[in-house]
Each structure stands twice: as C-alpha cells, then as structure tokens.
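Dear colleague,

I am passing on the structure we spoke about, and my notes on it follow below. Please read them with the model open beside you.

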Amino acid sequence: MCGIVGYIGNKHKTINVLMDGLQRLEYRGYDSSGIAVIENGHSKIVKSRGKLRNLKKKLSRKTLSGYVGIGHTRWATHGKATEKNAHPHVSGSVSVVHNGIIENYQELKKELIKKGYVFYSDTDTEVIAHLIEDYYKNGLSFENAVRSAFKSIEGSYAVAVISDKAPDRIIAIRKFSPLIIAIGEKENYLASDISAILSYSRKVIFLDDGDVAILEKNGYRITDLEGKEVKRDVSVINWDPVSIEKGGYRHYMLKEIHEQSRAVLDTIRGRFSEEMGEVYFEGLNYKSFNNIKRIVALGCGTSFHACLIGKYMIEKISGIPVEVDLSSEFRYRGPVIDSKTLAIAVSQSGETADTSEALLEARRKGAKTLAITNVERSKIARESDMVIYTRAGPEIGVASTKAFTTQLIVLYLFSIYLGKNRKIITEKKAKDLIGEVLYTPQLLEKALKLEDEIKELGRNLYNYSNFLFLGRGPNYPIALEGALKLKEISYIHAEGHAAGEMKHGPIALVDENMPVVLIAPRNGVTYNKLLGNLQEIRARRGKIIFLTSGEVSEELEKHVDKTIRIPECSSIISPLIAVIPLQLLAYYIAMYKGTDIDQPRNLAKVVTVE
Ligand code: F6R
C-alpha cells in the first residue's frame, strides 16, 4: 500500500527522480514519506509526516547531490503515521525502504535487542535494517548480508536497500509485493509501480518472488536468495506517459471519469467479431471452461460491485449459476468448491491481499481460476490459471472509476463468450449483444455530457449529511457503487439498497433531509415497481433524484426534485451508463465540500494487507 522508488545514475538529479516518482506514487499511501541519498559516502535521510508536500518543503531548504538514492511514501500498518515511523529506516550504514508486512518481526526484534540494537520506530521495517547491518558488519558482503537477512524474514515485502559502504549499488528484493526495475542508459531505476518511472524508461523487468536485484549505474544483475543468477525478460511498456499526468483536469478522478469511453473502447478492441458473433480473449481457450458448472466471483469494494453485476450478465447470457462473495468473507467461511467451479477474481490493481488469498483458497480446493485485472503481471494475474486484462490504463485517483466500467465490459464480453460456446445463445443473439458492446463507448460519451447538470446538482446537495441510493436488478449494485463513491471522497454518510428492500427498513430514514437517488432506467423489468418506490419516498417528503432514460411524463416530473436522463440502452448495459452521473455527482459534491478527492483520508489505492 506504500510506494517505493530508487535511482542510480547521473543523467538526472537523484533527488528529482525520487521526488517525481514519489509524487506519482503518493496515491498508494500518503501519511508520511522520506528519502535517502548517498552524498560523498554518507547517507542523507530526510523524512516527513503527512503529505509529500511536507517532505518537499523540508527538501527545499537543503541541497542534496549524489547519484544513488531511494524513496518511500507510506500508508501506516505497524506504528502510527509519525515522522519516526516514516521510511527509510537506518541501521549503521544501511538504509531501507519497505512495502508489505514482516510477520515474524517480534521474534527478530527480540533477538536483535539482545544483540544490542536499539529500535527507534514502532515499525516492522526497522528489523530489516538491523538484520542486514548485523550480517554486514560481521563480515558478509553487502549482497550476501541482504540475502542472509531475508532467509530469516517471513511475510510479504518489496524492499530497497542502500549502504554508505557500498555507494555504487541499490539492492532490491521482493516477495508477494510488486517491484520492478527499469533500465536506462548508464542509469537504472527501481519502483513498486510502473507509473513512478514511466516518464524515464519504458524498459521494465517485473521481479519475481525471491528475486534479488543488484542495480549499478552501468548494469544490473538478478539472483535468487542463494546468489544464483536468474534471467528475467525485459518488457516494453506501452502505457503512454501522458496517461499518468492530470492532462489539464483538476483531479485524476475527473480525468479518469472522462477517459471511460476510450478505456472501454481499448478494452473491447480486437476481442470480438460482430460478423461471426464471436468473442475472443488472448490466451484463453474455451476447452478450459467446458466442464464448468458454477462460477464464484470474488472482489472487494468497487470490484465486488462489478462482480455483482457480472452475476446478472453471466447468468442471463450463459446460464451458468454465479455466486458472488466479498473476498474477505470467502476464504473464512469454508466455501464449497470443486473442480467444476470457476473462480473469477476481479481486481483493478491485481494486488488486493483479500482477493489474492480468496483466489488461492479457491484454487487449493480445486477450482479453475481466472483473473480480471488492469495491471499486467500483477500478483493476482500471476496466481491465476487464466487472465483477462482490462485496458483502462493507469488509474491513479483512489476512487475507482474507469477500472469499474472496463471490468463490466469484460464481464459482459465474457458472458457472451460462455453463452455462445455453450450454445445457450444463438449466433444472431450473440451478434445483437456484440452490437451493444460496439455502441457502449458512444453511450458513455453521451452520459458524460450530463456533467454541467450534475455539477449544478452537486452544488445544491453538498450540504446534506445523508444520502440513500436505490436500484434494482443490475442497477442494485450501482446503488451500492453510487453510495460508496460518495462516502469515500466526500465523507458524507450514504447507503445503497435494493429498492425492493426499501419497505423492509430503509424507508424509516426518509424525511425532507434525505436526498434519495433512485436509479430507474426505463427498460428494466422493474421500472414500474421503482415508480412505486418513488411515490412512497415522495409521500415521506424525501428529496428525489430520479435517474432514468427516455421520456418522463410531465406528471412524473412533478413528483421529483431532479431528473437525470441517461441515454437509452439495454437493461444489461445500463449499469455502465448509469454509474457515470453517480461518479460525477460524488466528484462534484466532494469538490464543493473541498475534500481531498484524489487522496481521501484513511484510504489507499492498493490494499495489500488483509
Ligand atoms: C473504491 C475503491 C476500492 C477498490 C477495492 C478493490 O473506489 O477503489 O473499493 O475497488 O479496494 O481494489 P482492487 O480492484 O484493486 O482489488
């Protein structure tokens, strides 16, 4: 959940590369940050509590040269968000930054204290620094000291280490936490996330678990924990560096909302033939799904909402029963799984610990596994039998937007893929469904045109303290998603419910201070029932925001406070379109409230702890 960056070389100023990288990683964690640079044989450490701007301010009062350095932005796990707990952590000549969790740190700490080491922080990371220093000062080379230390460390980690005594290298090691090296001309980079270094190099090596990388100015080596060299492929990343900029938008979230039409287009490109009514996914062979009798879909947060909509899509189009589970619940409830089960893990980052563990649990019990993720070679992608990538491009805003719509379009295409191959749908039906896919980017563009209207609505609503979101069928999860978006970036209390449940409890909340967003695209089979809900809310003086499609009669208009009209489309595609005004509504309410939209309090973009 934290971010790591490292640089060795003299093509750029080290401190600039580190700060630039940290700026791009800040979305991963933002409660403290720090850097270490070796200058004339001595490590200079600067750390600060809070946002990166505090570290910047401190650095502006210093001049730091040196051609090797590491940096870190933190989301606290062990120990409070204080300066002393910020990374890098130091022991003797060794400075360390770390993402992940050291599970046996208490035991290691006790042993190190017995040996006379003094601990300054409350973190688990500090044991890494002392352990390496202990081996190093007792005669091992720097590299071997790092390897030896990690033979006794248990847990998940991506770590970068430097030492004053070996100022010509950075050593990096990973297990269960992503780390890449990026190759330049007489310079090399290190990062936990491609976006940190994408504007410097696109030649990237994804380290594997147990890899130890030794980065020097003029080259690099990768070994295993025993010191044996291993070869890793160099990938050329085709993400456009511009995609990690704000591109003129005030926030990443707004930029990413606007990118959804393009992201969906990229995600469907090359994956179907309208003429033949066929869907293809690179690397997938239908034979792998032949004996599948049941699907379990797993995800957290917004990705869980995508799973809930995926259930409607897959069951309706392919006839395969789907169960949806929160990843964090699944593995602890002893799920019934067999070899005829397909477990689908949906995750933007591909790193979410709960989803990764849930998927491994399903796999252990004999399920086939499929990942739907946005990040190539991410943990979940690598742990699955098969992968379908969404092609949303980097999602930097903490609140997920374009990742969600691309997950939905993948689930929709996958439903057609299954339905057609299982002969549940005819070729004609498959062609019709694919026709809808083709039209979706245009529908998204149209929905984005609602922006000015929604901005005005946000201005009228930002002072309310509670919101209800109601929907039915495939738009019930959109009610959950609308509420989640609003609460996470505006800190307003919001609840999403299935509209049919309203009378079973939530209606008690409705009064004149309760805006209720009723999601009711016209073509849904339950449209008339939703109109019934509308009257019930009206009768209790609730403020109604009516999200619908098509014409609304004058009579109906009289009963609502605001109508939001999304473009007409089939019921099953409607969640992709209905979510757009809700993302915009959350955005503009948060904007008028003045909250930190891209980095809301207490959240982190990637949740690598359970
Ligand atoms: C909400 C949000 C989170 C994520 C959740 C899962 O806007 O971003 O709820 O959806 O943490 O993350 P991934 O998809 O990376 O597994």
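**The hairpin of strands 9 and 10**

In the hairpin that strand 9 and strand 10 form, three residues lie between the strands, and Lys-186 takes a positive phi near 55°. Before going further, please note that this is a predicted model, in which local features need pLDDT of at least 70 and side-chain atom pairs count only at pLDDT 80 or more, while totals for chains, interfaces and linings use all residues. Residues are numbered from 1 along each chain as its sequence is written, and side-chain values use heavy atoms, with hydrogens and water left out. Helices (H or I, at least four residues) and strands (E, at least two) are DSSP runs, numbered from the N terminus.

Strand 9 and strand 10 pair in the antiparallel sense over four bridges, where pairing requires that DSSP finds at least two bridges between two strands. Within this pair, Ala-182 stands opposite Tyr-189 of strand 10. Strand 10 (residues 187–191) also pairs with strand 1 (residues 3–9), again in the antiparallel sense and over five bridges, and there Ile-8 stands opposite Asn-188.

How many of the residues of strand 10 are buried? Five of its five are, so the strand is mostly covered, with buried meaning under 20% relative accessible area, exposed over 50%, and partly exposed in between (1.4 Å probe, protein chains only). In a regular strand the side chains alternate between the two faces of the sheet. In strand 10 both faces are covered, with Glu-187, Tyr-189 and Ala-191 buried on one side and Asn-188 and Leu-190 buried on the other.

Strand 7 (residues 155–163) forms a hairpin with strand 8 that has two residues between the strands, and the two pair in the antiparallel sense over five bridges. Ile-173 of strand 8 is the bridge partner of Val-159, and Ile-173 also stands opposite Val-212 in strand 12. Strand 12 (residues 212–216) runs antiparallel to strand 8, to which four bridges join it.

The loop between strand 8 and strand 9 (180–183) holds Ser-177. Is Ser-177 buried or exposed? Its relative accessibility is 5%, and Ser-177 therefore counts as buried. Leaving aside residues up to four places away in sequence, Ser-177 touches Asn-99, Tyr-157 and Ala-158, where contact means heavy atoms within 4.5 Å.

An open sheet of five strands, with parallel pairing, has the order 18-17-19-20-21. Its edge strands are strand 18 and strand 21 (386–389), each of which pairs on one side only. From one strand to the next, the twist averages 20°.

Strand 17 (residues 294–299) is largely enclosed by the rest of the structure, because five of its six residues are buried. Five bridges join strand 17 to strand 19 (residues 341–347), the two running parallel, and Ala-297 has Ile-344 of strand 19 as its bridge partner. Strand 17 pairs in the parallel sense with strand 18 (residues 322–326) too, over five bridges. In that pair, Val-322 of strand 18 is the bridge partner of Ile-295, and Val-296 stands opposite Glu-323.

Together with helix 8 (residues 301–318), strand 17 and strand 18 make a right-handed β-α-β unit, right-handed meaning that, with the strands pointing away from the viewer, the path from the first strand over the helix to the second runs clockwise. Helix 10 (residues 353–364) lies across strand 17, strand 19 and strand 20 (368–373), and runs at about 170° to strand 19. For such angles, axes are lines fitted to C-alpha atoms, for helices over the stretch in contact, and angles run from 0 to 180 degrees between N-to-C directions.

**Helix 7 against helix 12**

Helix 7 (residues 260–268) packs with helix 12 (residues 402–421) at an angle of about 35°, and their axes are 9 Å apart. From helix 7, Gln-260, Arg-262, Ala-263, Val-264, Thr-267 and Ile-268 meet Lys-402, Thr-405, Thr-406, Ile-409, Val-410 and Leu-413 of helix 12.

With best regards
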